[in-house]
Amino acid sequence: MIFLLLTAGVTLTASVVSWWNGRQTEQVRAEISALEAELARIRAADAAARRKLFAPYLQRLNALAELELTMRDRIATDLSACVSNAKAVQKKRFGSRESATFRRVFLELDIATSRIDAERGYLRDFREHLAALLRDVDGDVPAVSALHLPNDFPRLGGIVQFDTPTPPPALHGYRLTVKDWTRVLDGRAAITAVDHVRRTATISTVSAALWESNLDDGATPLCAKVMGRGAEGVHLDFEGVPLLLPKRGDEFNLESEVEVFPEIWTFADVLRAGAERPLRVRKHPRVDGSQKYWSPLLLSASEERLHELVEACDDIFAPELANTPWRVHVTASGGLGFTMGRVTLHAFPDATQQAFVLERVTRDDPQPALALRIKLELSVLAPGSEDEQAADRSLFEPFVTALHGELEAQKLHLSQRRAALRLRKLSLIYQDQQEHLRVNGSVRFLVGKTERVGRIVVGAVTEDTVPAWLDDALRGPVQRLRAIGPHSEWVVKRGTWIDRRAGVCRLELAAPEEASARDIAPFDINHLTLAGEGSQQQTLAKSLERAIAGRFASSRVHESLLGLPGDIVENGNFGRDEIDRLLRSDADVVAVWGPPGTGKTTTLVKWLRSLFPAGKENTWPTVLIAAPTHVAVNKLLGDLLMADGRLSEFAVRYASEERIAGSGMEPIWHERILASLDPANCSGVEPGPAEQRWARTLKSKQGRAAATRWLMKSRFIHAATCTGMTRRDFGLEGRTFDIAIIDEAGKAFGAELLIPAAVARRVVMVGDHNQLPPTVTTQALDNSIGYRLPMSEVEELLKRNVFQDLFEQLPKSHKGMLTIQHRMHEDIGALVSDLFYEGQLESSRREGNWSLSSRRNVFVDFSAVRAYRSQESERSQENATERRALFALLERLSIRNADTVRRVLVICPYEAQRRAVAEQVQADKYTFGVDVTTVDAVQGGEADVVILLMTRHRGRVEFLLDRHRLNVALSRAREAVMIFGHLECLAPRGKGPIRALIDLGTKLNTLDLVRLEERASFKRDLARRVVP
């Protein structure tokens, strides 16, 4: 501008030019410097004065903040310990689903922990701010109220409000990350993650909606979309978050929107919600949630009931009961009881009146097992009065609906608690057995002589009495018996008693051929023991503890097994068609009742084959076939592979070598498959480095287990016994299956059933609780074990048939019964059906002539035969007269047989009688095969003719009259059943199952009762009478 003015001829003074150019005179500059120095002195003096003035306050405030922070640190430590204790209690007492009260505890702990963490973070920041102020008191000095946590300070689960269209980049200095954002909640969002060290936080509006509904205690419903139905319930979606309503929900249409209410969710539930962990919701609000105070609820009372109610008012409205919730429970009559103090109002809901109708008033009733504490107000009205017309009935239906849902949930929880308590007691029993066996499963042994360079030893047990376990070991397979010396341990291949009374036995040791007498050192052997004694008890105890802790592959399976209501639910599915439909359903736990001869194995094989369609291998499920016995496992798997041979390459059978030998399972034995890949078995191939490493891996137990796990995981069908599948070398540990099939479930202990059930997403149990139950030996009920529980309770728990409990208490949609048997002729089947199955069994075999015996059912009564005497033999019973009668009958049957009978099964309840019969049978020849067995070993077998020897003539016969054992024995027969017994002994006072059998058979004209005289000729009076 100055240049333009000069060009135009306009002159300016020097001062104007200097001013315009921003120049200052020396005088001005000097004055400015002086003033700036003065201001600096004033500010320094002010700062010093402020420091002097505020320092004591800031120091005391800082000390108070430090005190508050120290206290918060202690609280955080206590809360952490409390959370750990709560989790430990949860692990021990509940399992997969806890009670609402307990989950509310976890929620409150979550909220408290989140707040205490936020307060600690805030107080640390606050102290840093105070430290800065102490150095330089510049800016506002905080008031004492600033110690309190701001409402919108970032804390996990906190709800914050933003008034801006989008969230700010930071909140209280915490950098914000937006997970999702919508204006649906008017700018509210939940803090879903926070780091008080890095000062970062994540916010979500969808989580805010979920969390507000959760914290509202059920007052605010969620509007969710129905996505589908599955085995676990109805799958819903709320703004991309999966929800699960654990009900069938048949009234919901796909893609429709429904209102649901949250279960009590913890922070972890909401934060981890996803397809694998949907949030559980309920159809109705909790009775103690959405309405903090239910008022009014109408109570209709007749004039007579009103008089009773007035008399009870003083007790109901006692001052000490002010603000006390009512206790509400279901009464024995099916109504509701409202209890306040000593008084209980018995009423029933009337949907027509939309009110509760008072039935009676009682005092001092026993406390119910299940009751809810609810704050409510009962408004009493008289029917027909003006008050009744004007009464508000709007809360009746919501209250009844919510009450029903809450009582059902509490009932389920109570059932789980009771089941967990029962399992814990069983676990104690098995632990006590394990300890007893560990201490007592060994005996001292003195070697007297040796044979075959020490491979055979003859010696004596030096204990006063021979223990039962050694008796059992020498009678059957002895693979677990070990001969122990100071520096050696030998497997006993075979063992026999030479003189049991003296304790002298002969043992063959499994010593290598190259071993010398010095290597074996037979005279150093000083005691005998059972290998792994107590290991099965340990396995069962661990199974029970895992079940109590809820370690199941499927929470629905866990709830179904441990949440049984305790009430019998009538079965509604009968016949093979219904069972086929049941197996194809999506029920998480299925129980199939398969009486003898009904073709349960055939039914299972047909269904299993349908699961493996050719060419659709990508849809095949993984299936575990389990059973309490190897025989049952081999039967089901063998029938499946025989019906569909292509499945052999996809199946594997896990067992020890002695269990596989002769079973037909050798080609798919896991050890055989593993051995086929061992380089040592590949002749003509020079192993390289990789093969050598593989060979070294297979030499160690851990390596073989890992190799088994890796090699077998591609197979779809896995078979093992219930307890056997826990062996580490089988490599099944940690494996999850789509389906577990447990055959012969009625013979399994509850702990056995839980082992395969815990590793499957779906469980199918097949069995018959009217046949043999789990075997509880007399040794298991020995007082010397020293149980921590009363012996009566031990016996009840061990003998309890869990499969029967399951079948009786599962919902109708989860169970069914096969009702047509194809084994027994109708003359036999009708007796079995009426005596053991309440007439529900039908027989498919009704035709055919039978002339080999007088009737298809024969009972030979030896009551008058004096020589018919039982005697004790090696802790068992035998009867020589009964054996003579048996062989007279077998001889006559053999003579008269014209290819009608191919196999006869002689069943002996007593082992001593079985051994004696078996020895003589081997020496005789008949026109049919004869098998001799005990009742315990025969389930699953069958024969044309069954001969049952009852043996005893006196003494305790409860063992013989056990209905399960009789059912098994009689139902093995295809054509005829013949029973030998002392009727006066077996049917005391003319009662009992044998008497019922004879009476029913006589009534149906299908049984011949043969009464032998004192000096009867077995050939003439028995054999020719029974076999004309």
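UniProt, in an unreviewed entry, lists residues 799-982 as "domain: DNA2/NAM7 helicase-like C-terminal". In the predicted model examined here, the chain over residues 799-982 is 34% helix and 27% strand, and the end C-alpha atoms of this range lie 28 Å apart. A further annotation from UniProt, also from an unreviewed entry, is "domain: DNA2/NAM7 helicase helicase", for which residues 578-644 and 693-778 are listed. Over residues 578-644 the chain is 48% helix and 15% strand, with a separation of 24 Å between the end C-alpha atoms.

An open sheet was identified that consists of seven strands, arranged in the order S26-S27-S25-S28-S29-S24-S30. The pairing in this sheet is parallel. Strand S26 (651-653) and strand S30 (815-817) form the edges, each of them pairing on one side only. On average, and with direction ignored, neighbouring strands of the sheet are turned by 15° against each other. Helix H23 packs on the sheet, where it touches strand S24 (589-593), strand S29 (763-767) and S30. The direction of H23 makes an angle of about 105° with that of S30. At the edge formed by S26, three bridges join S26 to strand S27 (residues 717-721), and the two strands run parallel. Within this pair, Arg-653 has Ala-719 of S27 as its bridge partner.

Antiparallel pairing was found around strand S18 (residues 442-451), which is joined to strand S19 (residues 456-461) by six bridges. Glu-451 has Ile-456 in S19 as its bridge partner. S18 and S19 form a hairpin, with four residues between the two strands. In the turn of the hairpin, Arg-452 has a positive phi of about 50°. S18 also runs antiparallel to strand S23 (residues 527-530), to which three bridges join it. In this second pair, the bridge partner of Ser-442 is Thr-529 of S23. In general, the strands of a sheet pair through backbone hydrogen bonds, in either a parallel or an antiparallel manner.

A search of the whole structure gave five cavities of 30 Å³ or more. The largest cavity holds about 250 Å³ of space. Its lining comprises 21 residues, and those nearest the centre of the cavity are Arg-422, Leu-423, Gly-750, Leu-754 and Val-802. Two or more lining residues are contributed by each of helix H9 (396-440), helix H13 (555-562), helix H21 (750-757), helix H22 (791-799) and helix H23 (802-809). H9 provides the largest share of this lining, namely five residues. By class, the lining of the largest cavity divides into 17 nonpolar residues, one polar residue and three charged residues.

The second largest cavity has a volume of about 70 Å³. Its lining is formed by Leu-156, Gly-157, Ala-190, Ile-191, Thr-192, Ser-207, Trp-211, Phe-267, Val-270 and Leu-271. The elements that give two or more residues to this lining are strand S4 (188-195), helix H5 (205-215) and helix H6 (267-271). Seven residues of the lining of the second largest cavity are nonpolar and three are polar, while none is charged.

Notes: Residues numbered from 1 in each chain as written. Predicted model: local features only at pLDDT ≥ 70, side-chain atom pairs only at ≥ 80, totals over all residues. Heavy atoms only, no water. 1 Å grid on protein atoms, 1.4 Å probe; cavity = no way out; pocket = protein on both sides within 12 Å on 5 of 7 lines; lining within 4 Å. Points joined across faces, edges and corners; volume = space filled by probe spheres on them. Nonpolar A, V, L, I, M, F, W, Y, C, P; charged D, E, K, R; others polar. UniProt positions renumbered as here; feature names shortened; annotations may be inferred. Pairing = 2+ DSSP bridges. Axes fitted to C-alpha atoms, helices over the stretch in contact; angles between N-to-C directions. Contact = heavy atoms within 4.5 Å.
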